[in-house]
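Have a look at the model first, then read on.

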There are 4 protein chains.
Amino acid sequence: MNVSIVGATGYGGLELIRLLKMHPKFTITSLHTSSKFGEPIHNEYAHLLHEEYLLNKIDPEKIAKQADIVFLATPSGASSELVSSFKNLDIKVIDLSGDLRLKTPGEYEKWYKRTPAPADLLNKAVYGLSEWNADQIKDAEILSNPGCYPTATLLGLAPLYKAGLASGEDVIVDAKSAVSGAGKSPTDATHFSTMNENFKVYKVHSHQHIPEIEQQLGIWSEKSKPISFTTHLVPMTRGIMVTMYVKLQQKMTTEQLHKLYTETYESHPFVRIQPIGSFPATKQVYGSNFCDIGVAYDERTEKATIISVIDNLVKGAAGQAIQNANLMMGYEETSGLMTLPLYP
Amino acid sequence: MNVSIVGATGYGGLELIRLLKMHPKFTITSLHTSSKFGEPIHNEYAHLLHEEYLLNKIDPEKIAKQADIVFLATPSGASSELVSSFKNLDIKVIDLSGDLRLKTPGEYEKWYKRTPAPADLLNKAVYGLSEWNADQIKDAEILSNPGCYPTATLLGLAPLYKAGLASGEDVIVDAKSAVSGAGKSPTDATHFSTMNENFKVYKVHSHQHIPEIEQQLGIWSEKSKPISFTTHLVPMTRGIMVTMYVKLQQKMTTEQLHKLYTETYESHPFVRIQPIGSFPATKQVYGSNFCDIGVAYDERTEKATIISVIDNLVKGAAGQAIQNANLMMGYEETSGLMTLPLYP
Amino acid sequence: MNVSIVGATGYGGLELIRLLKMHPKFTITSLHTSSKFGEPIHNEYAHLLHEEYLLNKIDPEKIAKQADIVFLATPSGASSELVSSFKNLDIKVIDLSGDLRLKTPGEYEKWYKRTPAPADLLNKAVYGLSEWNADQIKDAEILSNPGCYPTATLLGLAPLYKAGLASGEDVIVDAKSAVSGAGKSPTDATHFSTMNENFKVYKVHSHQHIPEIEQQLGIWSEKSKPISFTTHLVPMTRGIMVTMYVKLQQKMTTEQLHKLYTETYESHPFVRIQPIGSFPATKQVYGSNFCDIGVAYDERTEKATIISVIDNLVKGAAGQAIQNANLMMGYEETSGLMTLPLYP
Amino acid sequence: MNVSIVGATGYGGLELIRLLKMHPKFTITSLHTSSKFGEPIHNEYAHLLHEEYLLNKIDPEKIAKQADIVFLATPSGASSELVSSFKNLDIKVIDLSGDLRLKTPGEYEKWYKRTPAPADLLNKAVYGLSEWNADQIKDAEILSNPGCYPTATLLGLAPLYKAGLASGEDVIVDAKSAVSGAGKSPTDATHFSTMNENFKVYKVHSHQHIPEIEQQLGIWSEKSKPISFTTHLVPMTRGIMVTMYVKLQQKMTTEQLHKLYTETYESHPFVRIQPIGSFPATKQVYGSNFCDIGVAYDERTEKATIISVIDNLVKGAAGQAIQNANLMMGYEETSGLMTLPLYP
């Protein structure tokens, strides 16, 4: 099965290349960018030395002829136009940007400060939270791949919302991300000397992933309310940890909470629930498609604490995109993705 | 004024040496440890090469003759005995450990899993949260220096509790610390290859600083309730950020919240309130005694978000200890401490 | 083909598990350690959560029955005894320690300060520098896997020595390693707060890899002389860079030098020569089995500068061990190892 | 004594502010930049929150009226013009750039690829290697502050050259720098995700500090020859280590070498020679004006190894500039600079 990658030189694109190279069924047939046509990608990225990938123009008709799936690892804003250009062609589209995630155009406009994608595209796009949306994903022609924070947050909150134990009121999500989440473009905020030995908070109450999370929570629970969501930057390259504090509808024990999570995810190989009393660290999923979750119930404050970690570039981007591609093609969900984390 | 340091080779002790060396009024007269007597401290710590400090036995009577103040930078468990041995001598004692912080012996036993200090010592010890306890600190003979997390948390929560805006219910404190907070002893958890490129959660609902924070909140508000408090480790050497989510007794605007904080701390030079819309990063206080605080009110969730940062070894330990020593000696609170952060 | 790993919980062992899990032909049949028998390895290493590997006693006869190859990822000192115990059993042995690398027992004693392995073992053991020793490796029963520094250094110097251009006089090797090279045991030197934001030199003129390098150089050139070799620690987890300054027997241009390297390694897929004017960084081989080399001739000083990088745990340990196992089994040298580096 | 800083918002400028704030005799009277006039510097740098420094235009006549010394922390290229504009005014000038360091205009043109400063300026400028040029520095009107690499290298090589033990032939200087040496402007090379967990070599045989080092070596030894000099980037913010391999004119012991260094620097408080067998790490000088040096003689290769470390922003820039200002003003060389390194 042939795949093309548009936006191949961003971090999402590079990770798609790394993961697809190990995939038993997908073959990268072409890479596409908005510049440097004809150059080998290793001119810019020496880790790809000796790989024979050249950069090509973005020509949707040509791509559709060569490939069965196209991955759009392009920034928000660019993706919606690109998806439109592929709409009537014979190719499945997986978009890693935020452009097709919010079903209400007004919400996109409010949080992204940009023109939303056309409503028909939004309607057609399937939200690719693989563990919870597999049935729809299998039939998707246009797939909207979830954001990194929403992936870690939603996998962490799902069991509570689906069981009717949480409704959003007094749900606090304290999120921490590695710096690669900010992409490959150098900025003051991501300058090494600025960010090293530094821990920052950013986008307090204003991150564009908030409506994406709340939209899905609203699907799971009609009573769902706004959540508190704050994002921080950690001086490391890869990894997200989300710490969630949830006031439940009833008292529970840690054992009950743990049983709920274990059972919910027992048939989902990429979600690993920690033993009771043990909690995850980001490094334990480094380079892998796992989402590891630890849970505890605090009797003193009568709140559940849920902690989930992912590699933001794998389960938070390229890995989940390939997981979705597997589902869309009828392959095993885990195909090409069950590699172990890099440790230490 | 002569000072001695017991526990000179721990991180708290080293930081006392660095800061006291710049102090215009205090002179280090002796260093004390539990081993390596007679050796120069630079045998172990090359950054002190050429400094003429030798390590000495801990002889309270001798220390009391030489020094006006003794700093105990010793671990919890060791300090309470040491303080007892200085009790009837003519010397002021500043203890950086957790041994004298909890007024209720049972609480100490429960959270520290150790025998508490005698009740008379606990009663005599003044809790040294400099900005809020200056009157008592001025007359203290035995001073109990606050923990790093409590310092950042209490300075952040004080304006809300003192104004009757918060009562503890639904107060979530998500705390992140650099690794030096774990001290100088190598462990699996603080091994470089384990901790580098890693972000961890630890002591979920069980950190021994919880009762210290709640004790002070209880002094500020009779209605005070247990808080949610979770601690994380950041792959960096120095710095603490505490992100606090507080349900207030009434609706507010960010402007009102900001005004409250600015006015509360306007006569306190070490607490710097960020402009509206701006939030602190740990690096902006690196190596300094500042506590920087940013505030925001989220109308969507009707909660206040308070973010405070300190250098855990300075304002969270040695710096605040010297600030307290200044107060105890009748010096300017800022004496020797108004150096700028190291940046970048 | 079944393989067992002895010393599975060290960093070399963990990396063998990660790489063998991706190998199309080798299956891990058992893990062995000196303690915690019967426990799953994920009790200690959460990145292996859900993997079903239990830790077993080291029983050579039993191992030889189950497995075709045993990897000894054990420390120097332990390996030589272990290899002896496998000697008369029907199993191939790959030893990752330094115990079998030095052919002269006295040299081992001098540099390792330990009792050397028996001479017959030393004679039987084949030195596994894969790119240069493939013929012998193919027939090896006992393979001694090269050290991390020697791998990067020898691959960098080989073309010059083999071409008679260098003889060791005035060969300066300035080596820099990530911290995982020091293993998993916490020490003062590898404590996070000690090593972070720090760059250190260590073992000046005394690293035990010196005789290993010189032994191989002596095989390549009879005139070979002692080299200057100094090692440094870089505040990162993985990666080695070796910068080599070599006075050549004749003047050359950078182009000639580059041609020599390109031609020497053109049939060796794991050695990638940088284009002229471009030099490697450790991150470009992160997690991979590549050794990337850049070369330049400095006309001002009439010296060649050769710079090579590897991932110390892959090409410098577990990766090369598997490369050697491939050769010993008659598989493609690259089998299971052509995964791309993790970037960023 | 009043001082002004031009280029206040670069890393050199920020470090001058930090150090001058602690100086007992210098007062910062104004900060100057090429933009953002009238804004407080803490708009850009939050670590300076509450400091009352505003940014001003660069008006040499006005500066000369207010200040006794002006520090130019401006980039190479900008400085030479600025120095010219101060030439006939009543103010001492300390230039931290490379513009006035090379006495031969052609050399500047060759290595910096820019138009050199006028010859009269070059002649008038005194090279401020404080430990070795104090007599000239005392009378300087225009001072050219040394580069970071040259400071660490020249302090390391000086005893050998002055004693006639080295002549440049077969002197190998392998230099490693933290990332702040690249300045505050974000680039691909200094992007956090690029540089973290990475060790790079750069400017092989082509760093512009080479002629600066060789110029001074030529003053010390008529027979001086080109050196091999290669620079590397370490994933940390501050610190330089230079490892030097020197073929001596005669055999020596480590003891003799150590005695030479100890005696050479015994009256220089900022240069600290390590005990025999001990070698420096960059962190032991973090934030301080020290240059720490370790030495060893390798009998196997008959070469001396000299290792020196500095904080690139202090002894390698702002600290040495203030040390020179002290000398120019007739103060104690150490005035305001004897603070201890920040550790850990």
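## Helix pairs and a few residues

Helix 1 of chain D makes a right-handed crossing as it passes helix 11 of chain D (right-handed if the near helix is turned clockwise from the far one by less than a right angle, left-handed if anticlockwise). The residues that touch are D:Gly12, D:Glu15, D:Leu16, D:Arg18, D:Leu19 and D:Leu20 from helix 1 of chain D, and D:Val314, D:Ala318, D:Gly319, D:Ala321 and D:Ile322 from helix 11 of chain D; contact here means heavy atoms within 4.5 Å. Sorted by class, that contact has 7 nonpolar, 2 polar and 2 charged residues. Nonpolar covers Ala, Val, Leu, Ile, Met, Phe, Trp, Tyr, Cys and Pro, charged covers Asp, Glu, Lys and Arg, and the others, Gly among them, are polar.

Before going further, some housekeeping. This is a predicted model, in which local features need pLDDT of at least 70 and side-chain atom pairs count only at pLDDT 80 or more, while totals for chains, interfaces and linings use all residues. Residues are numbered from 1 along each chain as its sequence is written, chains are lettered from A and ligands numbered from 1 in the order in which they are written, and side-chain values use heavy atoms, with hydrogens and water left out.

Helices (H or I, at least four residues) and strands (E, at least two) are DSSP runs numbered from the N terminus. Axes are lines fitted to C-alpha atoms, for helices over the stretch in contact, and angles run from 0 to 180 degrees between N-to-C directions.

| Helix pair | Axis distance | Angle |
|---|---|---|
| helix 1 (residues 11-21) and helix 11 (residues 314-329) of chain D | within 9 Å | roughly 50° |
| helix 7 (residues 148-162) and helix 9 (residues 209-220) of chain C | 10 Å | about 25° |
| helix 7 (residues 148-162) and helix 10 (residues 254-264) of chain A | within 10 Å | roughly 110° |

The chain D pair, helix 1 and helix 11, therefore counts as oblique. Helix 7 and helix 9 of chain C are roughly parallel, and helix 7 and helix 10 of chain A are roughly perpendicular. The cut-offs are under 35 degrees for roughly parallel, over 145 for roughly antiparallel, 65 to 115 for roughly perpendicular, and oblique for the rest.

In the chain A pair, A:Gly156, A:Leu157, A:Pro159 and A:Leu160 of helix 7 meet A:Leu257, A:Leu260, A:Tyr261 and A:Thr264 of helix 10. That contact splits into 6 nonpolar, 2 polar and no charged residues. Over in chain C, helix 7 passes helix 9 in a right-handed crossing, and their contact holds 10 nonpolar, 3 polar and 2 charged residues.

A:Cys291 is buried, at 0% relative accessibility (buried is under 20% relative accessible area, exposed over 50%, partly exposed in between, with a 1.4 Å probe and protein chains only).

A:Glu51, in the loop between strand 2 (27-32) and strand 3 (55-56) of chain A, is buried too, at 11% relative accessible area. Neighbours within four places in sequence aside, A:Glu51 contacts A:Lys21, A:His42 and C:Leu340.

A:Gln215 sits in helix 9 (residues 210-220) of chain A and is partly exposed, at 22%. Not counting residues up to four places away in sequence, A:Gln215 touches A:Arg101, A:Leu102, A:Lys103 and A:Thr104.
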